[in-house]
Amino acid sequence: MAYTNPFPVSYPQYQQMYQQPQYMQQPMQQVPQPTQQAPQPQTQSNNNIIWVQGEGGAKSYLVAPNNTVQLWDSEDQVIYLKSADASGMPSMKILDYTIRDTSAPQVQAPIPAPAPAADYVTREELEEFEIRIRKQLDKLSNSKRRKDDVDE
């Protein structure tokens, strides 16, 4: 037995049920973009540099857990490295940067010369010194014994 439509084709209210919905017949319209965007204290350019205004701007910048961001100060020569641990607790390191003048030749500090050999003692000199000290100690102990023998 074949299935047939029980409604006569002449009834328009029932024809609408069997038609394709209107939103599928027309192409999707693009959602209009807002003309103004909310002002943001921090800006991010295409080269992934995030600019902030001072240390206060860096402190207020939100960092996702387990992430680190570089924040460049737009008012001073400072870079802030802001991190957040797994629980979201932030920490920040502050780096000052300076610009080098590459036009002037850089002078390297002279490498200190090694200490002269006269500052060191050879093993033979040390052994001779030990022998002299032992002789003097023997003389002192002999003179003390003689003095003790005389006192008795």
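This note goes through the predicted model point by point, from the overall fold to single residues.

1. **Basis.** This is a predicted model: local features need pLDDT of at least 70, side-chain atom pairs count only at pLDDT 80 or more, and totals for chains, interfaces and linings use all residues. Numbering starts from 1 along each chain as its sequence is written, and side-chain values use heavy atoms, with hydrogens and water left out.

2. **Fold.** The protein chain has four helices and five strands. Helices (H or I, at least four residues) and strands (E, at least two) are DSSP runs, numbered from the N terminus. Along the sequence the pattern reads α-α-β-β-α-β-β-β-α.

3. The accessible surface of the protein chain is about 14600 Å². Carbon and sulfur atoms account for 54% of that surface. Accessible areas come from the Shrake-Rupley method with a 1.4 Å probe; for residues, only the protein chains shown count as cover. Of the 152 residues, 11% count as buried. Buried means under 20% relative accessible area, exposed over 50%, and partly exposed in between (1.4 Å probe, protein chains only).

4. **Contact range.** Take contacts in the protein chain between residues at least 6 apart in sequence: 8% of them join residues at least 24 apart. Contact means heavy atoms within 4.5 Å.

5. **Nonpolar core.** The largest nonpolar core has 10 residues: Ile50, Val52, Ala58, Tyr61, Val63, Val69, Leu71, Val78, Tyr80 and Ala84. Strands E2 (50-52), E3 (67-73) and E4 (78-84) each supply at least two residues of this core. E4 gives the largest share, three residues. A nonpolar core is a set of buried Ala, Val, Leu, Ile, Met, Phe, Trp, Tyr and Cys residues joined through side-chain atoms within 4.5 Å. In soluble globular proteins, nonpolar side chains tend to be buried together.

6. **Val69.** Val69 is one of the core residues. Leaving aside neighbours within four places in sequence, Val69 is in contact with Ile50, Tyr61, Val63, Tyr80, Leu81 and Lys82.

7. **Aromatic pairs.** The count comes to two aromatic pairs. In one of them, the ring centres of Trp51 and Trp72 are 6.2 Å apart and the planes stand at 55°, so the pair is tilted. The pair links distant parts of the chain: Trp51 is in strand E2, Trp72 is in strand E3, and they are 21 residues apart. Rings of Phe, Tyr and Trp (its six-membered ring) pair if their centres lie within 6.5 Å; planes under 30 degrees apart count as stacked, over 60 as edge-to-face and the rest as tilted. Trp51, Trp72 and Tyr97 form one aromatic cluster. Trp51 is partly exposed, at 32% relative accessibility.

8. **Salt bridges.** The whole structure holds two salt bridges. A salt bridge is a side-chain nitrogen of Lys or Arg within 4 Å of a carboxyl oxygen of Asp or Glu. Glu55 pairs with Lys59, with the closest N and O atoms 3.6 Å apart. Glu130 pairs with Arg134 at 3.1 Å, N to O. Glu55 and Lys59 are four residues apart in helix H3, so about one helical turn separates them. Glu130 and Arg134 are likewise four residues apart, in helix H4, so about one helical turn lies between them. Lys59 is exposed, at 54%, and so is Arg134, at 51%. Glu130 is partly exposed, at 40%.

9. **Glu55.** Glu55 lies in helix H3 (residues 54-60). Its relative accessible area is 35%, so Glu55 is partly exposed. Leaving aside neighbours within four places in sequence, Glu55 is in contact with Asp73, Tyr80, Met92 and Ile94. Glu55 and Asp76 are 21 residues apart in sequence and 9.7 Å apart in space, C-alpha to C-alpha.

10. **Surface patch.** Val121, Leu126, Phe129, Ile133, Leu137 and Leu140 form a nonpolar patch on the surface. Together they have about 600 Å² of accessible area. Patches are made of residues with over 30% relative accessible area and no salt bridge: like charges are joined within 9 Å, nonpolar side chains (Val, Leu, Ile, Met, Phe, Trp, Tyr) within 5 Å. Leu140 lies in helix H4 (residues 123-151). Leu140 counts as exposed, at 57% relative accessibility.

11. **Gly88.** Gly88 sits in the loop between E4 and strand E5 (90-96). Gly88 is partly exposed, at 28% relative accessibility. Gly88 and Leu62 are 26 residues apart in sequence and 9.5 Å apart in space, C-alpha to C-alpha.
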